[in-house]
Amino acid sequence: MKRLIVIFFLVPVYVFSQQQPDASRIHQRLKKLGVLTSVLYMAAHPDDENTRVITYFANDRLATTAYLSLTRGDGGQNLIGSEIRDQLGVLRTQELLAARRIDGGQQFFTRANDFGFSKSPKETFKIWGEEEILSDVVTIIRQYQPDVIITRFPPDERAGHGHHTASAMLAEKGFEAAARADQYPDQARELGPWQVKRLYTNTGRWWNTSINENTPGVVTLPVGGYSPLLGMSYTEIAAISRSQHRSQGFGSAGTRGDQPEFLEYVRGQRAEKDLFEGINTTWTRLQGGERIQPLVDKAIASFRHEAPAESVPALLQIRQEMLKLSPSVWRDRKLDEVEQLVQDCLGLYVEATANTYQSAAGQSVRTTLELVNRSSTTVSIVRIVARGLGFDSTCSVPLKNNILVNIKTTKTIKTREFSSPYWLSEPHGIGRFTVQDPRLIGQAENPPAISVSVLYNVGGQVITITRPLIYKWTDPSRGELSRPFQVVPPVVVTLSSSVLIFPDTTSRTVNVTLVATGNGAVQGGLRLEAPTGWKITPNSIPFKLTFRGEEQVVSFRVSPSSVEETQTLKAFAVVDKAGTFDRSMQTIQYDHIPTQTLLPRAEARLVRVALKKSGSVVGYIKGAGDDIPTALRVMGYDVLELKHEEITPDNLRRLDAVVLGIRAWNTQERIKFYMPILLQYVEQGGALITQYNTPGDVDASLLAPYPLTISRDRVTEEDAAVTILKPDHRVMQTPNKITQADFAGWVQERGLYFPNPWDPRYEAILSMNDTGESPAKNGSLLVAQYGSGYFVYTGLSFFRELPEGVPGAYRLFANLVSMGKRPAAPVARKGSKRKKQK
């Protein structure tokens with residue numbers, strides 16, 4: 001059972017089409033076969049890891065190297081799209097996996113949820129649950145069995161973030177607890193205790209500017225080395241790896257030349273000069289391994305780049321000796337490596353593709369198994385197994401040199417597990433994901449929905465290759481592409497909006513879209529479910545979908561409760577003979593990651609709130625990416641998402657208000673050219689709402705009507721007390737009267753990057769601060785009258801609150817966009833036949 005668990009965590013899942021390694025990489029992997037040592041790098045978030053250090057250990061020292069990120073980065077921002085929270089966590093998970101595919105590391109996670117910026121580890125542990133996350137850390141240490149742990153942050157305030165500090169503290173506690181059988185004893189009985197040799201911190205220049213290679217007790221890593229086998233320096237590889245964090249804007253330039261990283265002692269045995277001092281990194285660390293080391297050395301010495309297949313007999317001999325060893329992490333880890341080397345040296349290509357990228361359990365799927373042996377070595381297929389398709393067949397199929405073999409089948413999908421991220425399959429709290437299967441804790445992503453295992457005979461030994469079922473297609477401009485095959489419900493249900501606002505007791509129409517995902521007809525009835533006090537008509541609506549991808553939109557009438565409240569509307573598709581399905585579908589698609597499919601519950605927030613608004617047309621100018629346009633439409637506004645060429649005085653004067661997306665000043669290169677046009681619009685009576693930007697290379701005083709400086713002031717406690725400094729100000733009175741009650745139920749934070757200081761012509765409307773902080777922060781909402789109009793700068797996190805259906809946030813935002821004057825005519829869109837008015 002231990003071997004199964006170890007493989008479950010450590011075998012990489014191939015998510016893109018295969019790429020056969022060249023002979024240089026095969027040679028490097030062969031050299032790694034003789035190195036038995038491991039490093040675990042540990043921090044709090046995706047992009048916290050030092051890819052220079054990971055690349056160095058994985059590619060220069062050839063150590064098994066992994067990064068443990070406590071969270072998936074769910075609480076961060078997104079520079080490339082509108083995904084936030086759970087969706088952002090999925091995106092950033094895949095960015096980490098993309099980085100590891102480049103730098104050669106592996107990836108682990110705990111159940112901790114990134115709930116946003118935290119100012120102390122005390123708050124972090126209170127929200128996460130210290131014991132639960134420590135248990136996850138100990139599990140991963142005992143399974144992975146690192147010789148060395150390296151933390152990115154120190155265990156104190158120098159780390160700059162409560163999560164960062166907590167990651168270092170958990171590393172120290174995990175170091176001690178993993179070695180003791182009385183700590184998490186059930187886990188210890190299954191996995192065994194593990195004593196890490198030493199724990200060090202990768203000291204950052206931002207908290208120690210004077211450290212160097214001569215500092216007493218420091219271990220220096222020469223991470224700037226060059227690899228002739230790879231044709232790149234380790235820092236060049238590291239930059240490509242770090243650049244995978246695109247959602248965070250971490251594109252990095254490669255560097256060359258000698259560059260050190262510094263490690264400082266924390267726990268365990270001190271090292272004088274080398275981190276692996278006193279650690280047996282050869283096969284002799286295993287009982288019986290002394291027979292294997294000379295075989296590996298001989299295989300490395302005799303490897304010929306122009307004829308890798310000549311190394312197969314030596315690799316098979318090594319494998320045979322490995323199988324004689326007692327099961328252990330190193331035996332199993334190296335067994336996987338040598339089997340991959342055999343496949344690489346043979347040039348053996350095995351790929352399983354489906355005729356579609358998704359289907360439902362019980363439906364048929366056509367598959368093609370493509371096999372080709374690109375060597376003169378005798379290879380034959382002896383068995384093919386795809387349990388998710390109910391397929392298990394023995395056979396005898398010879399694979400001749402460079403002769404393609406295609407095996408086509410049509411099988412019924414047997415698995416009933418949906419292909420949605422495992423950590424999102426159950427509702428979760430603010431601090432921790434709910435994971436029912438303990439075997440999944442630590443795992444970066446789900447196992448493939450369906451896998452195909454091919455058993456082949458080479459040199460009298462039978463080796464198994466397992467491949468995920470994928471879908472491939474050819475794009476006219478990008479060539480061959482692929483995505484994972486997904487098992488989904490036979491029908492997915494999507495409500496017209498994730499938030500439904502009811503400003504009074506008037507009923508409204510709610511549309512629901514049903515989409516068939518399989519290749520057969522599906523029919524039944526759709527019903528909505530709302531809590532007591534809400535009325536839905538009709539009770540159920542029949543539907544019938546006859547082919548994959550067919551859609552049907554049905555409409556219900558929803559009458560709200562007579563009292564102000566926030567509730568949940570649920571949708572259920574009752575499919576004849578198949579059951580009830582209540583999942584919607586979300587897809588995350590970017591070029592640098594595999595396509596991700598999420599299957600959240602088909603639900604929407606019902607918000608009964610007294611909400612008034614003025615005006616009808618709002619312009620929106622995109623920043624880093626938020627979902628504010630959707631929220632404005634939910635409020636009843638017509639939203640025009642303006643392109644650069646559409647930001648003209650004629651177009652703007654027809655708008656009630658203009659909203660700048662988050663970080664628009666940071667991300668829009670042309671902002672300095674059209675801000676004067678926007679300020680002219682304000683001066684003539686318009687309202688411009690500028691959401692938060694970050695400090696740095698932005699000179700806010702050149703973009704705002706009056707001077708202000710963007711600071712790092714923020715209030716992270718979503719329930720922090722709010723004082724209304726100017727209760728009689730227009731923005732607090734019209735058209736909605738804003739009170740303390742409107743700041744209840746906020747999520748993740750109050751706001752971030754508040755201005756400080758600012759010109760006295762701005763009026764500070766609110767004051768707030770986190771517990772124990774003084775003085776109060778007053779820059780969350782600044783309003784300035786400029787000419788006949790109003791300029792608003794706000795660091796309040798509307799981009800988080802509005803998608804969550806927070807009533808008070810809607811009321812306050814309605815007041816902001818209601819400050820402008822009424823437009824006179826429709827906007828002239830590019831290409832419109834409407835004549836421009838003089």
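Which helix and strands each supply at least two residues of the lining of the second largest pocket? They are α4 (86-103), β20 (491-495) and β31 (603-608). Helices (H or I, at least four residues) and strands (E, at least two) are DSSP runs, numbered from the N terminus.

Before we look around, a word on the source. This is a predicted model, in which local features need pLDDT of at least 70 and side-chain atom pairs count only at pLDDT 80 or more, while totals for chains, interfaces and linings use all residues. Residues are numbered from 1 along each chain as its sequence is written, and side-chain values use heavy atoms, with hydrogens and water left out.

**The pocket**

The second largest pocket holds about 1,700 Å³ of space. Its lining counts 47 residues, and Asp86, Ser498, Gln586, Pro600 and Glu804 are the closest to its centre. Strand β31 gives the most to this lining, with three residues.

How are such spaces found? On a 1 Å grid over the protein atoms alone, a cavity is a set of points where a 1.4 Å probe fits but cannot get out, and a pocket is an open set with protein on both sides within 12 Å along at least five of seven lines; lining residues have an atom within 4 Å of a point. Grid points are joined across faces, edges and corners, and a volume is the space filled by probe spheres set on the points.

**The cavities**

Searching the whole structure turns up five cavities of 30 Å³ or more. Ala, Val, Leu, Ile, Met, Phe, Trp, Tyr, Cys and Pro count as nonpolar, Asp, Glu, Lys and Arg as charged, and the others, Gly among them, as polar.

| Space | Volume | Lining by class |
|---|---|---|
| Largest cavity | about 140 Å³ | nine nonpolar, three polar and one charged residues |
| Second largest cavity | about 70 Å³ | four nonpolar, four polar and two charged residues |
| Second largest pocket | about 1,700 Å³ | 16 nonpolar, 17 polar and 14 charged residues |

**Strands around the largest cavity**

Thirteen residues line the largest cavity, with Thr367, Leu369, Ile384, Thr409 and Val452 nearest its centre. At least two lining residues come from each of β12 (364-373), β13 (379-386) and β15 (405-412).

Follow β13 and you meet its partners; two strands pair if DSSP finds at least two bridges between them. With β14 (residues 391-399), β13 pairs in the antiparallel sense over seven bridges, and Ala386 stands opposite Phe391 in β14. The hairpin of β13 and β14 has four residues between the strands, and there Gly390 takes a positive phi near 65°. Strand β16 (residues 451-458) also runs antiparallel to β13, joined by six bridges; here Val379 stands opposite Val458.

**A helix at the second largest cavity**

Both α14 (649-652) and α16 (671-683) supply at least two residues of the lining of the second largest cavity, and α16 gives the most, with three residues.

An α-helix has 3.6 residues a turn, so residues three or four places apart point the same way. Just after α16, Gly685 takes a positive phi of about 120°.
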